[in-house]
Amino acid sequence: MDAIRIHGGVPLNGEIEISGAKNAALPLMAACLLSEEPLVLSNVPALADIKTMGRLLEQHGASIETTEDGHTVTLYARKISSTEAPYDLVRKMRASVLVLGPLVAREGRARVSLPGGCAIGTRPVDLHLKALESLGAEIELTGGYVEARLPSGQKRLMGSHFTFPMVTVGGTENLLMAACLADGETVIENAAREPEITDLATCLIAMGAKISGLGSGTLTVQGVDRLHAASHSVVPDRIETGTYALAAAITRGTLKLTNTRADILDSVLDAMRQTGADVMIEDDSITVSAASGLKGVDVMTEPYPGFPTDMQAQWMALMTTADGAAMVTETIFENRFMHVPELGRFGADVNVHGASAIVRGKANLSGAPVMATDLRASVSLVLTGLASKGKTIVNRVYHLDRGYERLEEKLAACGARIERIQGV
Ligand code: EPZ
């Protein structure tokens, strides 16, 4: 298994080009199942999860063509050859459950393995299923699989008025995609407002869907008979952007992040400004710089536009280097503090009390061998390694490969002493 070796303590300086968002690209890819015509996605990040989704879609009968750099993907689901998403693929990536809505909408049936729990929480899919049931799908759970089908004699899903009892990104995406091919109007209340949902809705509209309320908590969909070919460029990755913004701050350097958008990262940039870091916004770039004496700032994770749970671990890493204490509260996932004991290995002082962690900053951090059990926790350890004196080895790099394109290359180009070591 590969690892990453870092010799920390060097301020980063330079420019990093931000990739397209993984969490937008995955549902966009699943959307190809809604149409018999091709969907061309550009600004796709070249990541392991994108390949996994590609394999799943091929297994449903889609053909996938990817340019050499991996950034433009043509998906063509002319015919659906299988409506089953097998356990072996779904267990690798929870986002596989996003094929459920499109398959049942187009084919009238789907059999998708239940994803099961994961490192950051139990992550049930009950709300995805309730949402599809509201459109008339009959759902059964058997042998670890969700089986969804239309009632006999019925050709299409039926529009509905569905209120999510809590905000769910994937649940909103599944319902939104399915509703596009349902009969009549669907109103989705308490919809997730994440930029990745708006990106999906924008692409669906380009495919011929009729959706209004983009960016709000209420999405209204008028079902259409069919969707057609479209091209769409994936929204920039706000979490990658935020992660590198924090890399500049934690190393007390300056990074210009290009090909991105500040308006989808307000909560993180606001919190950064409160620490005393300098944030400069231009057309499609953000420049972050920080000197010594950053202040501790409390954050609480919330659905968009609140502070993202996917930035919580990285924020905690930054706070270990700030003056004073900061409280970091996680409200989305019940088990998303696995990085805390690993941060302790660098000498950080973090205490967890229920859903909150108190970080007492300005620890004298020193590099250490560490490992993490999920993507954002892993990258928080990379950030801490960059800020720590001496050598850090981050194990289980495959987590990072799922969500950060060419991470070590992008950081090394800005002066980080970071390299991948193979087969440790
Ligand atoms: C998406 O996951 C992201 N993944 C996650 O990013 C992100 O952390 C999360 O949204 C929250 O922003 C993708 O977009 C592929 P949810 P998702 O449904 O859709 C509960 C990363 O590191 N819930 O909004 O699975 C759930 O357990 C990843 O890139 C139910 O109870 O998240 C959680 O507590 C990790 N029942 C909360 O809702 C359901 O049916 C929010 O989950 C669905 C969700």
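The shell around the ligand is made up of eleven nonpolar, five polar and six charged residues, where Ala, Val, Leu, Ile, Met, Phe, Trp, Tyr, Cys and Pro count as nonpolar, Asp, Glu, Lys and Arg as charged, and the others, Gly among them, as polar. The model is predicted, so that local features need pLDDT of at least 70 and side-chain atom pairs count only at pLDDT 80 or more, while totals for chains, interfaces and linings use all residues. Residues are numbered from 1 along each chain as its sequence is written, and side-chain values use heavy atoms, with hydrogens and water left out.

Of the 22 residues around the ligand, D126, L127, D310, I332 and R376 come nearest (a residue is near if one of its heavy atoms lies within 4 Å). In the side chain of D310, an N or O atom is 2.6 Å from an oxygen atom of the ligand. For R376, the corresponding distance from a side-chain N or O atom to a ligand oxygen is 2.7 Å. A polar side-chain atom of R336 lies 3.3 Å from an oxygen atom of the ligand (polar contacts are pairs of N or O atoms within 3.5 Å). On its own the ligand has 830 Å² of accessible area, of which the protein covers 87% (Shrake-Rupley method, 1.4 Å probe).

Two or more residues of the shell come from each of α1 (22-30), α5 (126-134), α6 (169-180) and α12 (375-387) (helices are DSSP runs of H or I with at least four residues, numbered from the N terminus). The most, three residues, come from α5.

How values were computed:
Polar contact = N/O pair within 3.5 Å; in protein donor to acceptor, adjacent residues only side chain to side chain.
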